[in-house]
Amino acid sequence: MTRWFLRPDNSRRTLAVIGAAFLIIVVTLYLALPVAALFFRITPDLFFSSLSDPEVQSALRLSLITSIISLGIVILVGTPFAYFHSRTAYPGKMIVDTLIDLPLVLPPAVAGVALLVLYGRVGFIGRYLNLFGITLAFTTVAVIMAQIFVSSPFYLRQAKSLFEQLDPAYEHTARTLGASPLRIFATITIPLTASGLVSGAVMTFGRALGEFGATIMFAGNLPGVTQTMPLAVYIGMEGNFIVGITISILLVLISFAIMIVVRFLASREVPLA
Amino acid sequence: MLEADIHKQLRDFSLNVNFQVKPGEILILMGENGSGKSTVLNSISGLLTPDTGSVSLAGTLLFNSKHAIDMPVEDRNIGYVLQNPAVFPHLTVRENIAYGLKARHKAKDLVDTRINHWLMVMEIEELAQVKASNLSGGQKQKVALARALAIEPGLLMLDEPFTALDTESRQSVQEAVRTSVSDLQIPCLVVTHRVADANNLGDRVYILHQGFNRWEGRPSDMPDGEMQLPA
Amino acid sequence: MDKSYHVYRFTAISIVCALLIIAAFFAGCTTTTPQPTTVTAATTVPVQPTTTTVVSKPAPTTAMPLTTTSSSVTVTPVPTYAPSTSTLIVYTAASLKGVSTKLGTQFSAAYPGHSAVFNLDGTQALKTQVENGAYADVFISASNSYTNTLKSEGYFINDTVKPLTTNYLIVILPASNPGKIMTLADLAKPGVKIAMEDKTVPAGTATYAVLANLSKSTYNQDWNKSVFSNVVTYETSEPGVATKVSLGEVDAGFVYESTFTAAPKDSYLALNIPKADNYLQTYTIGVLKQTQNTGAAQEFESFMLSSVGQQTLKDYGFRAVS
């Protein structure tokens with residue numbers, strides 16, 4: 001924190017303080033007021049009673065289950081991938097590096113169209129899967145595929161960066177002490193990067209939970225099967241807006257919980273070097 | 001007995017060294033930055049692979065380019081304390097020292113005995129349950145040393161072990177090294193740039209310059225001109 | 001280093017930024033509320049042989065949108081047109097997607113100097129937007145009940161609300177007929193994939209009614225149940241269903257006849273629904289109270305109801321109002 005406000009020049013100091021306070025207030029209100037408005041739009045009674053609405057419950061259940069599965073897959077596949085990617089120089093590494101970031105800049109609807117064109121019933125790959133009776137579009141699997149596509153960069157970038165920053169001396173020393181690569185990964189690498197990995201995982205979960213564009217394009221909208229919470233909000237706001245507001249509030253609460261967890265983890269010291 | 005014959009093309013020059021270290025003997029490797037000292041240690045440990053050459057320890061071939069032998073790092077049983085002592089910050093001192101033994105699936109009793117022995121030798125018994133991230137530089141160095149010795153290695157290698165230590169810690173660590181090497185009767189390789197360390201600790205000195213051996217001999221015989229080797 | 005000088009600059013910049021943010025914020029607000037411009041008289045109306053001139057009401061002096069009692073969150077993004085006196089904003093049911101371009105061109109040709117821009121979306125989405133303060137001059141609705149709701153909420157100039165056109169439902173199939181569907185009965189076959197609109201969409205309500213009629217008259221409740229269990233997606237607009245069918249991702253979809261008629265030849269196969277069981281959707285057109293361009297809006301409505309407009313609608317598969 002700079003001590004510029006301790007400068008001896010009084011009038012400029014006051015001006016600076018006012019300017020800074022003004023700026024902070026404007027930004028805070030712009031972000032906070034819409035969210036707060038959600039809570040005031042509905043009475044607590046209506047909120048709690050619509051929690052038992054089957055539409056709300058099925059959307060909540062579907063969203064949580066699919067997001068958790070998506071997260072699980074991203075962690076299981078992504079962690080070893082990020083490790084090898086960060087530790088080795090292989091041909092095409094730069095291309096892969098760029099591809100990892102692609103879903104971050106690609107509009108979700110485009111991602112959905114792309115998945116449909118590839119895996120849909122008449123898609124380039126989908127048509128062969130269809131021969132074996134495997135359908136992906138308009139299934140819960142499609143929801144998970146869309147979620148994984150858009151949310152994996154959050155985890156992969158974080159894991160990649162953590163492994164890159166981890167001083168190789170730890171792993172080298174462990175090797176000289178006689179530990180096998182698997183043991184090193186489990187006892188040294190992961191524990192030393194754990195809290196960073198968890199915060200990446202939490203962000204991934206949040207993104208998967210909020211996914212809309214790719215889902216509605218590739219998975220469609222079927223209550224209980226593919227109607228996740230964001231889709232239910234969209235539909236709800238055009239018909240039963242109490243349901244729409246309720247699910248919106250639920251999503252806000254979950255998002256806040258996610259942010260708190262991430263901040264808590266980021267504040268813990270991670271000895272990397 | 002350690003026998004090392006290492007040839008490796010580095011960025012600016014080629015490394016060509018050839019030396020032996022007897023059991024119980026401490027060889028000091030000196031040279032300016034970038035002369036290839038750490039590469040020598042890494043090659044012996046297996047973390048790097050020489051282009052050609054041969055490394056053998058107590059008669060066992062660890063590496064031989066002619067016969068295509070390259071033993072994996074984890075099998076070489078070499079105690080190696082890197083320049084960054086890399087004590088595992090998330091483990092306690094005890095767990096750190098035990099790491100190599102646990103990796104070799106040694107029995108619990110044996111592990112405890114060894115740990116207690118080395119805690120005593122390094123005079124850090126009171127730190128046994130302390131999390132390694134909370135240790136001072138000198139304490140970390142001792143833990144790293146104990147950890148390397150606990151596995152009863154066939155060779156001990158130390159890369160700049162005294163740089164971050166104050167005078168008192170330096171003396172006790174040097175004492176610990178001397179005692180351990182003598183007790184275990186293993187060869188020992190120490191990289192340092194401080195001439196005083198060479199004098200205190202070394203039985204022989206091997207000076208490296210641009211990848212080749214500039215001088216080799218007893219510390220007391222070290223040429224004056226070399227006293228001013230830059231850090 | 002003169003740090004106090006840097007602080008002064010920092011302050012000036014931060015105040016400018018704050019002002020810009022606030023300006024942008026208010027600009028965002030004002031685009032949804034019409035600027036209080038004076039309403040100009042309509043340009044000379046070219047002679048239209050069969051148009052009955054609508055009696056123009058005096059334009060309201062301040063055309064503020066009706067403030068709703070609630071401040072709901074708008075879901076679909078509100079288009080940010082700055083309303084002018086000559087470009088009309090027509091909120092239009094999505095099923096007029098193909099025909100709206102032609103109608104727009106014809107309107108401008110008939111009324112030089114006027115033009116109309118169409119915001120196409122599910123009627124339910126458009127209704128929500130208007131209720132949340134979105135600006136539009138004319139509203140074309142695919143659902144009588146939504147029209148009545150908007151009328152009772154006071155958004156329409158009620159006596160401008162008139163039936164515009166009608167549409168029956170039809171079942172379309174991808175040209176290759178992957179589901180091998182030959183009759184309506186086949187819709188209940190296991191493994192068939194059907195797309196329909198969500199029940200909040202007017203075409204969706206119509207579909208539900210059609211299915212109820214069919215199961216009562218021809219097929220039974222089991223057929224009805226099987227059809228619904230074959231639905232894989234409830235789309236948020238009628239063209240969305242058509243897209244899924246044309247992509248070949250579903251075996252059948254419920255859309256309006258006009259969508260089938262207006263599509264290029266051989267895009268789809270179709271299954272007719274018997275008239276007795278079918279649902280005739282009536283579209284209404286009306287001028288919104290908030291309009292700044294009452295004259296032009298009413299001219300647009302006249303055009304749509306004129307023989308030219310009605311013929312174009314017929315060309316695209318819509319039916320006349322009986």
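The questions and answers below concern a predicted model of a complex.

Me: What ipTM does the predictor give the complex?
Reply: This is a predicted model, so its scores come from the predictor. Alongside a pTM of 0.75, the predictor gives the complex an ipTM of 0.89.

Me: How many Å separate the centres of domain 1 of chain A and domain 2 of chain A?
Reply: The domain assignment of chain A places domain 1 at residues 1-40 and domain 2 at residues 51-267. Taken over C-alpha atoms, the separation between the centres of domain 1 of chain A and domain 2 of chain A is 36 Å.

Me: Which element gives the most to the side of chain A that touches chain B?
Reply: In this contact, 17 residues of chain A meet 19 residues of chain B. On the side of chain A, the elements that give two or more residues are α8 (168-176) and α9 (181-210) of chain A. With seven residues, the element that gives the most to this side is α8(A).

Me: How many residues of the side of chain A that touches chain B are nonpolar?
Reply: The residues on this side of chain A, which touches chain B, include five polar and three charged ones, and the number of nonpolar residues is nine.
The contact with chain B takes 17 residues from chain A, and of these the nonpolar ones number nine.

Me: Which element gives the most to the side of domain 1 of chain C that touches domain 2 of chain C?
Reply: The domain assignment of chain C gives a domain 1 written as two segments, 45-165 + 282-315, and a domain 2 that covers 169-271. Their contact takes 13 residues from domain 1 of chain C and 13 residues from domain 2 of chain C. On the domain 1 side, α2 (97-110) and α3 (123-131) of chain C are the elements that give two or more residues. The element that gives the most, with three residues, is α2(C).

Me: Which element of chain C has the highest mean pLDDT?
Reply: Chain C averages a pLDDT of 80, with 76% of the residues scoring at least 70. Among the elements of chain C, helix α1 (residues 3-32) has the lowest mean, 62, whereas the highest, 96, belongs to strand β3 (residues 138-141) of chain C.

Me: How many contacts beyond four places in sequence does the model have for residues 30-76 of chain C?
Reply: Where pLDDT is low, the predicted coordinates should not be read in detail. Residues 78-83 of chain C have a pLDDT below 50, and this stretch has twelve contacts in the model beyond near neighbours in sequence. Over residues 30-76 of chain C the pLDDT stays under 50, and the number of contacts beyond four places in sequence is 66.

Definitions and conventions: Residues numbered from 1 in each chain as written. Chains lettered and ligands numbered in written order. Predicted model: local features only at pLDDT ≥ 70, side-chain atom pairs only at ≥ 80, totals over all residues. Domains from an automatic or database assignment. Contact = placed C-beta atoms within 7 Å. Helix = DSSP H or I, 4+ residues; strand = E, 2+ residues; numbered from the N terminus. Nonpolar A, V, L, I, M, F, W, Y, C, P; charged D, E, K, R; others polar. pLDDT = per-residue confidence, 0-100.
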